[in-house]
Structure formats: C-alpha cells, structure tokens
Amino acid sequence: MTNPNALPLYEKVRVERRVQRLLDVTIFFLLISLLAYRLFFLHSHAFTYLHTIAFLCEFWFTFNWALLINVTWNPVHYITYPQRLLKRVEELPPVDIFVTTADPVLEPPLITVNTVLSLLAVDYPANRLAVYVSDDGCSPLTFYSLTEAHKFAKIWVPFCKKYQVEVRAPFRYSSDDLSCDGTEEFQCEWRRVKDEYEKLRRNIEEAAKNFVFPELTSELADFSNTESNNRPPIIKVIWENKEGLSDGLPHLVYVSREKRPRHPHHYKAGAMNVLARVSGLMTNAPYILNVDCDMFVNNPSVLLQGMCLFLDPTIDKEYAFVQFPQRFYNGLKDDPYGNQWIVMMEFTFRGMAGIQGPGYMGTGCIHRRKVLYGQSPDGTNISGKHFDDELHKTFGNSKDFVNSAAHALRSLTDYPNSLYNSITSLKEVATSDYEITSSWGTKVGWLYGSLLEDVLTGSEIHKKGWKSAYLTPTPPAFLGCAPSGGPIPLNHQKRAMTGLLEIFFSKKCPIFSFLFGKLQFRQRMVSVWMSLWGFRSIPEICYATLPAFCLIANSYFLPKVQEPVVCIPLLLFVFYNLQQLLQYLETGQSARAWWNNERMARINTICASLLGTVAVVLKLLGLSETVFEVTKKESSSSDDTENSSDEDLGRFTFDESPLFVPGTTILIIQLAALSVAFLRIRQPIVVEFGVGEVMCSVWLILCFWPFLKGMFAKGKYGLPWSTLSKCSALAFLFVYLCIMSTK
C-alpha cells in the first residue's frame, strides 16, 4: 500500500496543443516570407519610403510573433490535492490576507464587504488567518461598513461551514433561489441569512446617503477633519480571535495609512507596503494573499490549493508566489469589450507557467513574505553579521518591525501573534515618511516606479531566480467585476501600457534582465516580449495608415492580385484569424466573442496604447506625471443592468476623453480613402492600388464599427462634437499630405 506521505501534493501536467503549434510555425514562416518579399522588392525597385515603412512594421510583427511563440510553446496545468495536504500537515501555516480599496465612490463599500465576507469564510483554520483591509480613501463609510459586516459574519461564516456553501460572497449566494432546497432546518437558516444580508445592505446604503462628516463620533471620531491627501494613520482592530478558535472568525483589521502633500504615496504599491509592515508587527504570517476589493472568493479551498505547492518539501526553495487567473461574474455575453481575458489567461499565462512561471497580476496571488522582503532562493543574503547591520537600512527605523522582518526572513515561527502591539510602533510604520531612509519600494516590498507595480514586482522576483506557479482550479478561485462601457476598459488598457513603458525606461528595464539576473533564457525572452508591448501602438498605427495612403496617393504596398506572391499576405490573414478563432472555440466561446476581441485588440492598441505612449513621453520630458486612475466598480446591488435594454448591453459609450481621438481619426481616414479610391476608379486613369489595400481599409472600418455608429448616435452612445471636430481636422491634414506627396 502506498504511503500517504509519499504521494505528491500537486502534479504539473503538460498541455498538448499540436494544432496551435502548427499554426504558430506556419504564421511565422509566412511572416518571414513576407519580409523576404519586401527585401527583394526594395533591392529590385530601389528605395521607397512606403515599402520601407511596411518592411519595418512587418519586421516588428515578425519579431513579436517569435517572442509570443516562445511564451505559448509549452503550456502546463497544475493539479493540486488539498485532501492529501490535510492528512499530511498537522498545523497549517498562518496566512495574512490583504484587501485594498481606494475610493468609496468608485469602489462602493458593499463590494469590499462582500469580498471580505468571502475571505472570512474560506476553508482554512480561522486562528491561522488575519484579514487586513487597506482603505486609501480614509472613508468612515468603509470602516462603518466593515464593522457592520463583522456582525453579519457571525451568522454567515458558521452557515457556510455548516452547509459547505460553495459561493461565499453573500450577494451572489442570496441571489440564487434556494427556497426548495435542503432540509427544513436549512430553509430556516437560509431565510435568516438572506434577511440579515438585506438588512446589512440597507444599512450600508442608507449610511452612504446620511453620513455627516463633521458630526462623526465614537469609533468614527478619528475620521473627523481628515482630507484625502492630508491625514494621520488610522489602524483599528475590528475583530480579534482572542481564544484562537479554529472554527471562529479570523482577525479583521482596518488600516488607513498616513498621507501628506509633501510625500509621495505611490498609489497601490505604497498601500500594500504599509499593509506588509502593519501585518508584520501584528501577525507576521509567512504567506500573504492579496486581492482587490472586487475579487471575492469563489472557491473556498483556494488557500489549501495554494499551500499544496508551498508545503511540498521538494519545491520549498523554488516557488515565490502562486498566481490565480482573473475571472469575472458579470461578463456580458460574447465579451463585447474584450476585457474578460479568457484566451489570454488560458494560452499566454499557462504558457508562462511552463517556463519560469507567470507574472504577478496584482490580485488573486499568494506570496511568501520572505520573498517580498528580498530573500533569494538560496538564502545566502540572510546570514552573518553584515545582514543584521543592513536590516535597519533596508526596513526602516522601527526596531519592532526590524525584529519581525528578521523572524520572517529566517522562517522562524516563534513571533508573538498579537494584534495589540504597541500602537506607537504600528502608527510609525504607517506614516508617510517612514520609507525615506529605507529600501521599501526599491529593493523590498512592492516596487515603485510604474503604474504596474505588480508586473515590476513579479519581474524583479523572477530575476532573483525564483519561480512562480499558475493554478486554475474548478470552480475559479476568485471572481471579479468586469468594467463595461467604452472609457473604462480603454482607461484600464492605457494604464497597463503606461506602466509597461515606465518599466522599460527605468533602471529595472527587462532588457537588462536579458543580459543579467538569474532568469532562464526563455524567461528572458518573456521579459522582452512584455516590455515591448507598450510600443505596439506605433507600428500598428503606421501600418493602419498605409492602405489609406495608397488609396489616396494611387500607390500600393501589397502584392497585386496577378502576382503569385499575393498568396503570402492572403494566407497570413487567413491562418492568423483561423488560429485566433480556434483559441476562442477551444475555451468554450463563440465566433462572435472572437470577433469582439479581435475588434477590441485594434481599438485598444490604436487608442489606449498610443495615449499611454504619449503619457510616458511627457513624463520623460518632465512635462507631466503619470496618474493611477481607480477603475469604477459596479456595486453588487446595482440595477443598472436591469434598467438597460438587451439592445443597449454591450454598446460602446463615449465621452470627451482624448482616448477616442486616434481611433476616430483612423476611421475617418479610411472612409475618406475609400471615397477617393471609388472616385478614382471611375476616372480614365491607371489605378495603381489593388484589392489588398481596399480590403485592409474595409477591415479597419469593420474593426472600428462601434466608432462609426457613434458618429451618428446621440447621448452617451454618440461621439461628442468636439472629438469629431478634432478628428476631422487631423484626417483632413492626412489626406492633404497624401495628395501633396504625389505632386
């Protein structure tokens, strides 16, 4: 009989995708053939700007495709065995859970409350958990909501454990009709839970309407006279599991760090580092789970599954963090905004898992605390007197925190678990100037210097030689709120592109990691691929204007129909779209979802990526600073969807944001180019452009179809006149320059 302790806690299984590999290689061969055609053309027809630009753009696409093949070539799947873990481990390790929220208006407290309640109810001993909520908005409404949620948790958590409830966010669970399920006892308790949640929801919504800030008293008095960027630190223990009951409620702590106008606060990364220090003084758990305020637990065994990798003795010195995919509960059918990322999670991140591991996505991730504190895989940097001397320079001037950091780095388990540590020490590590003489944000903790603190932090961890894992349990570990409309998804994409470019132009540029660091060679290529993502708008916009230029200037950049080489771009177009379509079908999506994502890929690149590039250029020139924009979340009680007709769901909404200028300009240029081409065909002159240029323009118009509809719609579904005026002027200038180039 097999020894239970000899059975693995996880398996790493290779995913076979022969058809995808074949299509990858075929597309790469066609791209190389297209480059060869360009070189032959330039050699035989002398230098032309048109074909040189086409060659440079196609060279970029080829290089990027080679890097992408490397990313997706060896996908793997992890299978975990939590039941084996429970039989093998007598006492599970402590875990600190970080929840971050920043704005009670854009991120309604009811969303945060549901996330916290789902975390309090996970399948893990309550005396081994502590939940820390960072409120960067310093909102008394958020604190009040958490205190009310704690009262409801006394009913909710035991109910979930008793009946093995799968969905542990109460707003999702109460939305299901269970009136005919289970025993009479279950029905009675279920109705009680549902009624109590409705009472909680009403209390929070009424408080949001009636809060008068100057009149705050009692527990809320600390929030009086506070400003968003000028306030002292506030740390409050909402609940402490004093008896250490494994079936009780986990610790629940509210944290609002100090902010002063003279000190940079570094957005989410700064808030996470404060949580790391505060939790280090209170509980100092060796593992940290961080989630955004809208990412509730959908699989209650998520921590047990993560521990299957961390507690396997064969890989104790390999994995720095375990990343779970982002999934969404409110995603519209066929993904009209292209922001559900199902294919990217399945193909790209699973492919990264087959190399050195996926990048850190900023939420749904379990970290080793000692790795965030800067430890290397071999542990050589945590021994000797020199290490002790460097602790204060690294972690700041708090002796209490330096002591806790030393315990974490040396994996000691005798640190006292006390929430009521010295209040002076707790507030000291949450002050705005604590990090000035330390290495926080540069060498330890979440790193500063980019709006994508997650990508930067994960990249630096990989540089040290650590690996990461990608777990995709069923049901999904976490579910979040997918942004809808037009401006919100584009702003999210702009922030991502801005962050990648900030990393590229920093001292931590991944290009340097290609030459230095302890990365595997293929992981170095992954780093290069990620860093170059921010530049993709430039070649795509240049390539998008080539067909319009040819139609207006009566030229061509693609082979003509009568030429045999015309099959190269034609097959490239067919095989690329076939591969993309197969990926969507393989992940259970529709052909319409493929088209929506293909369309949004062009919109995101030409609109959001370009604005991200401009923002970084302005920052490098010292003309402006990049700003972290909090994404608006839909409240779990929001009935906006119910008030919208089926016809309106998925429709693009517009505002006066400059995000819509590049896309609208490209659309007007293509429309003008087709009009000029149509008029030219009717004239008795030799037409140089071919079917290829016409097809490219038509394809771009189809990709920007929501913008075309917006040109004739009104209200929020229509493009503002100011945007149309700017875009028309830019398009007219382009057409004028094209005509002048022929004279």
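1. A quick definition to start: axes here are lines fitted to C-alpha atoms, for helices over the stretch in contact, and angles run from 0 to 180 degrees between N-to-C directions. Helices (H or I, at least four residues) and strands (E, at least two) are DSSP runs, numbered from the N terminus. With that in hand, look at helix α19 (residues 537-553) and helix α24 (residues 691-703): their axes come within 9 Å and cross at roughly 130 degrees.

2. Before going on, note that this is a predicted model, where local features need pLDDT of at least 70, side-chain atom pairs count only at pLDDT 80 or more, and totals for chains, interfaces and linings use all residues. Residues are numbered from 1 along each chain as its sequence is written, and side-chain values use heavy atoms, with hydrogens and water left out.

3. Back to α19 and α24, which are therefore oblique to each other. On the scale used, angles under 35 degrees count as roughly parallel, over 145 as roughly antiparallel, 65 to 115 as roughly perpendicular and the rest as oblique. The crossing is left-handed (the near helix is turned anticlockwise from the far one by less than a right angle; clockwise would be right-handed). On the α19 side you'll find A544, P547, A548, C550 and L551, meeting E693, V694, C696, S697 and L700 of α24; contact means heavy atoms within 4.5 Å. By class, this contact has eight nonpolar, one polar and one charged residues, with Ala, Val, Leu, Ile, Met, Phe, Trp, Tyr, Cys and Pro counted as nonpolar, Asp, Glu, Lys and Arg as charged, and the others, Gly among them, as polar.

4. α19 also packs with helix α23 (residues 660-681), at an angle of about 25 degrees and with the axes 8 Å apart. These two helices are therefore roughly parallel, and the crossing is again left-handed. A544, T545, P547, A548, L551 and I552 of α19 meet a set of α23 residues that includes I666, I669, Q670 and R680. The contact divides into eleven nonpolar, two polar and one charged residues.

5. Next pair: helix α20 (residues 567-586) and helix α21 (residues 591-620), whose axes come within 9 Å and cross at roughly 125 degrees. That makes α20 oblique to α21, and the crossing is right-handed. Among the residues in contact are Y576 and Y584 of α20 and W594 and E598 of α21.

6. Now the sheet. Eight strands form an open sheet with mixed pairing, in the order β5-β6-β4-β3-β7-β10-β9-β11 (two strands pair if DSSP finds at least two bridges between them). β5 (234-239) and β11 (467-470) stand at the edges with a single partner strand each, so one side of each has no neighbour in the sheet. Four bridges join β11 to β9 (residues 319-323), and the two run parallel; Q323 has Y470 as its bridge partner in β11.

7. Two backbone spots to check by eye. T474 and P475 are joined by a cis peptide bond, with omega about 0 degrees, and P475 sits in the loop between β11 and β12 (478-479). C138 has a positive phi of about 45 degrees although it is not a glycine; its place is the loop between β4 and α5 (140-163).

8. Finally, the unreviewed UniProt entry carries the annotation "transmembrane region" for several spans, including 603-622 and 659-679; such annotations may be inferred rather than shown by experiment. In the model, residues 603-622 are 90% helix and 0% strand, with end C-alpha atoms 28 Å apart. Residues 659-679 are 95% helix and 0% strand, with end C-alpha atoms 32 Å apart.
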